[in-house]
Amino acid sequence: MPVQIGGGKVADPNPKGRLDHVAADKDRPSSKRNRRRHKKAAASAVAVAAPCPSLPPVPAMQSLFDTSKEFGIFCLPKSAVIPLHNHPGMTVFCKILFGSMHLKSYDWAKSAPDSGSNTLEASDGARLAKVNTDAVFNASAETTVLYPENGGNLHCFTAITPCAVLDVMGPPYNRADGRDCSYYDESPYMSSSGRDARYSWLKENHSMFEMKGVQMPQRRFLKVIMYRIRSVWFVFGLVNREAKIILFASSRKCTRIEIHLLTPQGLQPMIDVPIYGRIATLELFRPHNETQDFLFIATERYKFCVLQWDAEKSELLTRIRGREVILATDESLFSVTTTDNLYADKRGGAMGDVSDRIGRPTDNGQIGIIDPDCRLIGLHLYDGLFKVIPFDIKGQLKEAFNIRLEELQVLDIKFLYGCVKPTIVVLYQDNKDARHVKTYEVALKDKDFVEGPWSQNNLDNGAGLLIPVPAPLGGVIIIGEETIVYCNANATFRAIPIKQSIIRAYGRVDPDGSRYLLGDNTGILHLLVLTHERERVTGLKIEYLGETSIASSISYLDNGVVYVGSRFGDSQLVKLNLQADTSGSYVEVLERYVNLGPIVDFCVVDLDRQGQGQVVTCSGAFKDGSLRVVRNGIGINEQASVELQGIKGLWSLKSSFNDPYDMYLVVSFISETRFLAMNMEDELEETEIEGFDAQTQTLFCQNAISDLLVQVPFVLNYIFVAFLVTANSVRLVSCTSRELVDQWNAPEGYSVNVASANASQVLLATGGGHLVYLEIRDSKLVEVKHIQLEHEISCVDLNPIGENPQYSSLAAVGMWTDISVRILSLPDLELKRKETLGGEIVPRSVLLCTLEGISYLLCALGDGHLFSFLLNASSGDLSDRKKVSLGTQPISLRTFSSKGTTHVFASSDRPTVIYSSNKKLLYSNVNLKEVNHMCPFNTAAIPDSLAIAKEGELSIGTIDDIQKLHIRTIPLNEQARRICHQEQSRTLAFCSFKHNQTSIEESETHFVRLLDHQTFEFLSIYQLDPYEHGCSIISCSFSDDNNVYYCVGTAYVLPEENEPTKGRILVFAVEDGRLQLIVEKETKGAVYSLNAFNGKLLAAINQKIQLYKWMLREDGSHELQSECGHHGHILALYTQTRGDFIVVGDLMKSISLLVYKHEESAIEELARDYNANWMSAVEMLDDEIYIGAENNYNIFTVRKNSDAATDEERGRLEVVGEYHLGEFVNRLRHGSLVMRLPDSEMGQIPTVIFGTINGVIGIIASLPHDQYVFLEKLQSTLVKFIKGVGNLSHEQWRSFHNDKKTSEARNFLDGDLIESFLDLSRSKMEEVSKGMGVPVEELSKRVEELTRLH
Amino acid sequence: MGSSLGGWPSYNPQNFSQVVPADPSAQPLNVIPATYIATHRTDPPPGQVITTDPKNILLRHFYQKSEEKLRPKRAAPDNLTPQNNGKQPRGPVADGGGQASGRS
């Protein structure tokens, strides 16, 4: 049961005339009528609702007119029923305002109809009633009047169409006066001659009406897509020494393992392995008789598995998707104690709450260790228990068992090296908070511990880490906060004092254990040296190496290169140098790997007002804190632009064929062509090329080589004039003289419609299906072949994809009429392959291209769809047909090159870059609205730039690196906690703090900082009071005040207080780029959340929700004045608002829904979720559905039950969706990372962005029902083909799971899993397609569309 | 100082030999390796689904004690066994050491 404060009953119904109107569904085949308790207005309230034909029911509003009569307008949606009820002692006037309804009314029978029976009352209490009316009425009908005794005092309505009825009642219902509304069940009256339809038995129904079938489950279907911006912090960087190539690395407490290669160039990423679980421990080990290492993984939900890399396949660097042999997996490690096990047992049966577990999970995290001699795996998962999984002689694992461990507060456990029996050393804290180490031998046969060879009491109070030293030295190093101690079984004891610091990461350098790297909480890297003589440790030495990111893991890789994994900042690859640099550091950073975690907060900023947000996160912690700007899609950074209307085509030309840079830009218009050239000042100016015809539109333009023997390069210009058929020509122009060299004219009566060319070939099509193929030979245009196809030609291409970059042996042609694309051989124009595209939309652009060594045929249609085919460059065969939707307008395709790699640019209303990554085609949108034409324009001044023709404008821009996500880091050197954006002042403001550590004390200083939202330049800073923390920040404006303010909520966090009892609300204005404090208001607690609310300020302060008005004082200044509040929370941490509704995320009482009542100036609770979820974020998806994230890494949705029958039900938020995300979500916000096309289906799907501790940014998209059903089926099909690594179950992984219950995921889909469909091999795709009964092409298209949501 | 630094272990001298330090002003790398998709069987070999001894620790102690009482004479060989077992792993222990030093 949820915790309730003060015993107050939540969701107390408001007794004062709330009119809840009825929605019932009569469309069910069952004739049983649905009824719902219909509460008519009590007392003297007058209910008036605007007649509204729209569905669903409209709650009536109330106002007070008259005490003797009651008015009510009831709006009923179609099929709604107001069940049979009475009007005791009342007179009621009824008038239908619009629509039609069925009315059935009764009066109490005065006499029995059947002489054979005199009774008017049955034994069960039912009374006989006579039918008064049973007919359909509409707005034209007269007003009906029912009287206390006749006229049909009892009646029921059924809406045939949406309708409204006006009721005037007098006197009103009043329980005290005996005028209470009763409801009745009908049963047929049987006279002696059979059923008598004129009468019925009516029996009063006192029970709550059940709502069977009435609910209209307006469910939202949610999909979670997690971006693969994982936190790349490898806690256990593990190196497989033998293979010497593989680094197993993982983000601990995260759900993926990455495998990288060690290469001469550095770390080369190989694969990213999703694990169906949060990884708790990860260890490499080598069982006896094995030639390679195995990987041991245990997850937080008590599963484990051992993985083996297939050595043979792992050498094939590009074919790593090979077999992996899973040696062992564990369904239920704790057969008695885990809920997972019960879940597993119950699989297939009903899911439900499971019994209490016996073990108490460890406070200090799970520990998993492997005996260095591979005799057993040890796990410490629950306090007081040590689990042993023994290996047998063959290296196979045997049945596990538990051993009682006396020490309850365990800080660390390690196996000692070189012991005859497996021996653990345990670092623990006693109940007096003193810390000790103790050793135990594991007696495998007796399944028990035997006291170990030694122990050491009273260690450093901050001792927290054990480092076992390999044989022959043996023993263990104990890392404290002030001392480092070495001890072993021979009573050798060495100690060294250190500067106070917390060291949590170590990495062994030498295999013999004589040197270790230690990383502390300030990011300092030390080298610890064990000096030894003849296998005896003689002393310890510690040396400063330098500063890195704050290390969470340290892995010595090879040749003095170390991987520093960080949870708090970017992970780093560093080199240990022999000589210090100028700053005294021996550490040189070779590479940094982005880590967004922990994302404490973020805001979504739509800078260009394009509907595409970029996310600005508060990332990192302590000195590694930063802001990160995360943007999706590929940015074009405009360098120059000029207004030019009506551009029809765009090409770049070089001044000579061998010139590395482009010189000319040819811009074609409807009736002219203009030439721009780069001048000496690197400016574009208009020029003339004599040999070209500037008075016509150009269809294509290309540099050409002439004959190889002739060393004069030429420029080609194909000219087409639509209205002057005779002027149809192809012109060959000399680059040097700029004069016409040769010309080819189209046959008379024909016009060139489309053309394409490469350096030595020209293909053009004229009307009538004529296709002409020219070659450039000896500076001449030679017509090599001419054929006529049966239909008109819509597009052509002969981009070389073979070995010769100047000559293509294939051409692609798109056709009208039969809507096909054809591959023709060159030079003979023989048909090699014809692919019918289907549909009625003509292909508008075809392109032959090679990306990452794979040849493709791309074919774009006039409606924004794009087909892709794998192309066999020698045979011309097409395979692997896929269709995606890029936009809604015709697309034109063009290749371009960036950093030496070829990509494809698709110009359309939604410009897209098509590129290949890991041999897979990816589509990334470009941050431009509409692009008509594009051509690469690689100049010396701006290399790799693109010329882009937009509506009315020509611009030159450079393009971002071709990758899906772009992350920009703004280092802060302090930790940002809350951020928000203010569009009006073009600023971002955030709360941050800095750690100050002196030798004596630690303190924090908290700030509010202001920066420019475009340049991220710091503008202003406001320092908070000592002990004052910034807890919340928003941008808002108030009623009757046009200014926009930043409001900051704070808390005074005093060391002696458990909960803050004081805080402030600070209201800042941005004036001349500075933060100006306007108003401050003291509060009685921490201001955890702020919201702009109806022109006022809503604050969550400790247990209370408080509303403040913005009041103008006499002196013209403003103040915040408390208006009303709502108590009853444990800690109200998160609030979101929508209209008058407020959703509160409580520390431990899940989600509640409040409403602000304007008239009464009060905030009241409407409903709550009675589950005890500890919330970490909430957001309102829409008016009805709210989403929450809680601290067991789950997310869930609840629904407002506004149309439920009873107050009790209405007071309950119904849980409609549950899902285990496996990530701790710190913030949920509305927004989209991709540009939305308003007229596309995907553009209508609302999305919420979330950010997590692990640095994951993801989106949750609310899908339409039919799409959800389709994708759910796809997901359940995919699970059969895509197995969990380590045989971990996807279903179990995604099941909602916390201390209290485990239940199957519902109404959420795993976007990552669904999208992995696109990574399947063709044959697997076909199997999935067969399972689904949907063609592969359709499946790919729908999944591809999903990928465009993020 | 020089005595402690340097002499870093080398397993493959080629590794990192051509690394060029990143420009400190450059943005950190955001490389995403291909996602691994297991379309092969991932179930373990037979007999390698590990379960935990369901016996309660206390009951296990009782059983063990009662067995010892019933067979007092067998206690001695029982005690010996672990030692015998203990000696066997010596090989591997030495191996382990050898392995460790062999790596450097």
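User: Which residue of E33(A) does Thr483(A) stand opposite?
Analyst: This is a predicted model, in which local features need pLDDT of at least 70, side-chain atom pairs count only at pLDDT 80 or more, and totals for chains, interfaces and linings use all residues. Residues are numbered from 1 along each chain as its sequence is written, chains are lettered from A and ligands numbered from 1 in the order in which they are written, and side-chain values use heavy atoms, with hydrogens and water left out. Strand E32 (residues 483-487) of chain A pairs with E33(A) in the antiparallel sense over five bridges, where strands are DSSP runs of at least two residues (E) and helices of at least four (H or I), numbered from the N terminus, and pairing takes at least two DSSP bridges. The residue opposite Thr483(A) in E33(A) is Pro497(A).

User: What is the bridge partner of Arg978(A) in E75(A)?
Analyst: Seven of the eight residues of strand E74 (residues 975-982) of chain A are buried, meaning under 20% relative accessible area, with exposed over 50% and partly exposed in between (1.4 Å probe, protein chains only). Seven bridges join E74(A) to the antiparallel strand E75 (residues 987-997) of chain A. The partner of Arg978(A) there is Cys991(A).

User: Is Tyr1045(A) buried or exposed?
Analyst: Tyr1045(A) lies in strand E79 (residues 1044-1052) of chain A. Beyond four places in sequence, Tyr1045(A) touches residues including Phe1038(A), Ile1078(A) and Trp1110(A), contact being heavy atoms within 4.5 Å. With a relative accessibility of 3%, Tyr1045(A) counts as buried.

User: At what angle do H4(A) and H8(A) pack?
Analyst: Axes are lines fitted to C-alpha atoms, for helices over the stretch in contact, and angles run from 0 to 180 degrees between N-to-C directions. Helix H4 (residues 1265-1281) and helix H8 (residues 1336-1347) of chain A have axes 12 Å apart and pack at an angle of about 110°. That makes H4(A) roughly perpendicular to H8(A), a class covering 65 to 115 degrees, against under 35 for roughly parallel, over 145 for roughly antiparallel and oblique for the rest. The angle is about 110°.
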